[in-house]
Amino acid sequence: MSQETVASLTPVELERRLKRDGIFLRLPPFVFKIQSPIPIVAQGIAELYADYELLADDTEFADFHVSVVYGRRLPRRLCVFELDGQRPFTPLAVGEAFAFLEWGMNWCVTGYCHTLLTLHAAVLERHGRVLIMPAPPGSGKSTLCAALMLDGWRLLSDEMALLDPVTGLVTPAPRPVSLKNGSIEIIRRRAPTASWGPTAHDTQKGTVAHLRASSSSVARATEPGLPGWVVFPQYLADVPAQLLPRPKAASLMQLAQNSFNQHVLGKAGFDALADVIARSDCYDFSYAQLDEALPLFAALPLPS
Amino acid sequence: MPTVAGWTCRRRADLSLRRWPDGWVLFDEAQGQLQCLTLVSGELLALLLRCPARGYWSSTELAQALMDETPSDADVASVEAVAVAFQSMQLIERCQV
């Protein structure tokens, strides 16, 4: 029997199930139970998670039980994110409900998943080796990540590297790529037929829209990868794209700064990070134009 | 008998070191802190983590092990200065023998 996916449901049925008891959605390596009566959440899930497996309604275990709901005793134009009934964030406008779900699910993983070392980074794979791009917001990380995915790299994650401290492999968690402001139009022009989720306007980050992960990335979501490159990207207006080798001790320090939970994992976390650096070629990367950036990544030599 | 000052590290279980061509990185698990060390400082701390059987290193012994030759007074003083810095970071202790 073939597995049921989000695409198996009609939009009406998906919206009905989300509104009533919620759905069990496998977002490798996790299972989320998601509930929401807000139509824009159903629209986003239908558009961006069509290829993902839906588990049966009587599934007994989900890693996270989340919902985005209209807030009680709040104006109906506001919504709240809930994890196990708790509300860790202030309410947002209903127009941001799908983005709120995405941000909330990221927060669940980085806040509670400590069997894996989590890093704030975009992660992609090519020729069996994983590219880790740690960077703070505003560095052009997601724009570059989206462009690389559209150029054939396998997406492991736009937001977080999940490193297994036992195997040293990166666990994929392919989900939609979050793009902001001018980056949305840049990527739309490069991929006019790509699928997008709802656009959230006037968020704290400006305008936000999510680009669907490539089907091949989702199909290979259970295949971990060996780290090969650690690249620290930085968008700088009017500079030629430049990839410069970065010293390893400095790279390890910078990588650790982008970790959410290395301190929780202690020595095992340190060893895992140090092993990533040992296995990887490390670079600083600055760019202004994606057309200049992509050939440099295509020509990255495989690490020895 | 004169008292000889030596250096010892009683926190070996807390400390992890990795060496790279551009320097060392130290992780102090008890403090949850990472530190970048120069090549020489890292070599010195690595020696201190390999404590000799009698339980301590003198500054002269550290300098000799580091340089693999008889050290000058200036070399010993330099090692002493780094050891004092490690002491201030609560990584090692001065011991009286």
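Modeller: Let us start with accessibility: buried means under 20% relative accessible area, exposed over 50%, and partly exposed in between, with a 1.4 Å probe and protein chains only. This is a predicted model, in which local features need pLDDT of at least 70 and side-chain atom pairs count only at pLDDT 80 or more, while totals for chains, interfaces and linings use all residues. Residues are numbered from 1 along each chain as its sequence is written, chains are lettered from A and ligands numbered from 1 in the order in which they are written, and side-chain values use heavy atoms, with hydrogens and water left out.

Biologist: Why is Asp238(A) called exposed?

Modeller: The relative accessibility of Asp238(A) is 78%, and the cut-off is over 50%, so Asp238(A) counts as exposed. Asp238(A) sits in the loop between β15 (226-235) and β16 (242-245) of chain A; helices (H or I, at least four residues) and strands (E, at least two) are DSSP runs, numbered from the N terminus. Asp238(A) is not a glycine, yet has a positive phi of about 65 degrees.

Biologist: What makes His127(A) exposed?

Modeller: His127(A) has a relative accessible area of 61%, which is over 50%, and is therefore exposed. The loop between β7 and β8 (129-134) of chain A holds His127(A). Although not a glycine, His127(A) has a positive phi of about 50 degrees. From C-alpha to C-alpha, His127(A) and Pro165(A) are 22 Å apart in space and 38 residues apart in sequence.

Biologist: How do you know whether Val123(A) is buried or exposed?

Modeller: Its relative accessibility is 1%, under the 20% limit, so Val123(A) counts as buried. Val123(A) belongs to strand β7 (residues 117-126) of chain A. Not counting residues up to four places away in sequence, Val123(A) touches several residues, among them Val130(A), Leu131(A), Ile132(A), Arg154(A) and Met160(A); contact means heavy atoms within 4.5 Å. Val123(A) and Pro227(A) are 104 residues apart in sequence, with C-alpha atoms 9.6 Å apart in space.

Biologist: Why is Ser58(B) called buried?

Modeller: A relative accessible area of 13% is under 20%, so Ser58(B) is buried. Ser58(B) lies in the loop between α1 (39-49) and α2 (59-67) of chain B. Ser58(B) touches Ala5(B), Gly6(B) and Trp7(B), when residues up to four places away in sequence are not counted.

Biologist: Which residues of helix α5 (residues 182-190) of chain A are buried, and how do you know that they line one face of the helix?

Modeller: Ser183(A), Ile184(A) and Ile187(A) are the buried residues in α5(A). Seen down the helix axis, they fall within an arc of 105 degrees, so they line one face of α5(A); the arc is that of the directions from the helix axis to the C-beta atoms. The elements covering them include α4 (141-150), β12 (177-180), β14 (206-211) and α10 (290-298) of chain A.

Biologist: What makes helix α1 (residues 11-19) of chain A oblique to helix α2 (residues 39-48) of chain A?

Modeller: Their packing angle is about 125 degrees, and the axes are 9 Å apart. Axes are lines fitted to C-alpha atoms, for helices over the stretch in contact, and angles run from 0 to 180 degrees between N-to-C directions. Angles under 35 degrees count as roughly parallel, over 145 as roughly antiparallel, 65 to 115 as roughly perpendicular and the rest as oblique. The value for this pair falls in the rest, so α1(A) is oblique to α2(A). Leu14(A), Glu15(A) and Leu18(A) of α1(A) meet Pro39(A), Ala42(A), Ile45(A) and Ala46(A) of α2(A). That contact has six nonpolar, no polar and one charged residue, where Ala, Val, Leu, Ile, Met, Phe, Trp, Tyr, Cys and Pro count as nonpolar, Asp, Glu, Lys and Arg as charged, and the others, Gly among them, as polar.

Biologist: Why are α1(B) and helix α3 (residues 73-88) of chain B called roughly perpendicular?

Modeller: Their axes cross at roughly 70 degrees and come within 11 Å. The angle lies in the range 65 to 115, and α1(B) and α3(B) are therefore roughly perpendicular to each other. Ser41(B), Leu44(B), Leu45(B) and Leu48(B) of α1(B) make the contact with Val79(B), Val82(B), Ala83(B) and Phe86(B) of α3(B). By class, seven residues are nonpolar, one is polar and none is charged.
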